[in-house]
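Dear colleague,

Please find below the structure that I am handing over to you, together with its sequence. My findings follow directly after it.

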Amino acid sequence: GLPRDLAQQVAEAVRRNPEEALRVHVREELGVDPDDQPSPWAAAISSFFFFSAGALVPLLTYLLGFTNLWLALGVGGLGLFAAGAVVARFTNRPWWSGGLRQLLLGALAAAATYGIGTLIGTNALT
């Protein structure tokens, strides 16, 4: 929106100051204000509560009196898919892609946990 000669002057002034160039790039290209950072305490507290709520999803089956591991895994999988689908609404991904991605990552984490448990001699399936 600036005249060509003024835009070149602004670009040259920004180029001379790498720190300012980064700030301009982040603000204009990515739409992020580097001065507007959230509180690390707020991030830590919200992470604690959301991780705790997410951990309750597969435990719901046991809290409701069911004892079947496969039911808990299925409910946990549905929870992972739903969480990924919700998060995808804040990105450019389709909801089903975000859901499948989260489900896959959760399945990999569960498989790694199961594998480690098997290696050290613990088996939840018996």
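The axes of helix 4 and helix 5, the latter spanning residues 95-119, come within 7 Å and cross at roughly 135 degrees. Helix 4 is therefore oblique to helix 5, and the crossing between helix 4 and helix 5 is right-handed. Please keep in mind that this is a predicted model.

Which residues of the two helices meet? On the side of helix 4 they are Gly77, Leu80, Phe81, Gly84, Ala85 and Ala88, and their partners in helix 5 are Trp95, Trp96, Gly98, Gly99, Leu100, Gln102, Leu103 and Gly106. Sorted by class, the contact of helix 4 with helix 5 has 8 nonpolar residues, 6 polar residues and no charged ones.

Helix 4 (residues 69-88) also meets helix 3 (residues 40-63): their axes come within 7 Å and cross at roughly 145 degrees. The crossing of helix 3 and helix 4 is right-handed. Helix 3 contributes Val57, Pro58, Thr61 and Tyr62 to the contact, while helix 4 contributes Leu69, Leu71, Ala72, Val75, Gly76 and Gly79. The residues in the contact of helix 3 with helix 4 comprise 7 nonpolar, 3 polar and no charged residues.

I turn next to the aromatic rings. The structure holds 2 aromatic pairs. One of them is formed by Phe48 and Phe49, whose ring centres are 5.2 Å apart. The planes of Phe48 and Phe49 stand at 75 degrees; planes over 60 degrees apart count as edge-to-face, so this pair is edge-to-face. Both Phe48 and Phe49 are exposed.

Phe81 and Trp95 form an aromatic pair with ring centres 6.1 Å apart. Because the planes of Phe81 and Trp95 stand at 90 degrees, this pair is edge-to-face as well.

Yours sincerely,
A colleague

Note on methods
Residues are numbered from 1 along each chain as its sequence is written. This is a predicted model: local features need pLDDT of at least 70, side-chain atom pairs count only at pLDDT 80 or more; totals for chains, interfaces and linings use all residues. Side-chain values use heavy atoms; hydrogens and water are left out. Axes are lines fitted to C-alpha atoms, for helices over the stretch in contact, and angles run from 0 to 180 degrees between N-to-C directions. Helices (H or I, at least four residues) and strands (E, at least two) are DSSP runs, numbered from the N terminus. A crossing is left-handed if the near helix is turned anticlockwise from the far one by less than a right angle, and right-handed if clockwise. Contact means heavy atoms within 4.5 Å. Ala, Val, Leu, Ile, Met, Phe, Trp, Tyr, Cys and Pro count as nonpolar, Asp, Glu, Lys and Arg as charged, and the others, Gly among them, as polar. Angles under 35 degrees count as roughly parallel, over 145 as roughly antiparallel, 65 to 115 as roughly perpendicular and the rest as oblique. Rings of Phe, Tyr and Trp (its six-membered ring) pair if their centres lie within 6.5 Å; planes under 30 degrees apart count as stacked, over 60 as edge-to-face and the rest as tilted. Buried means under 20% relative accessible area, exposed over 50%, partly exposed in between (1.4 Å probe, protein chains only).
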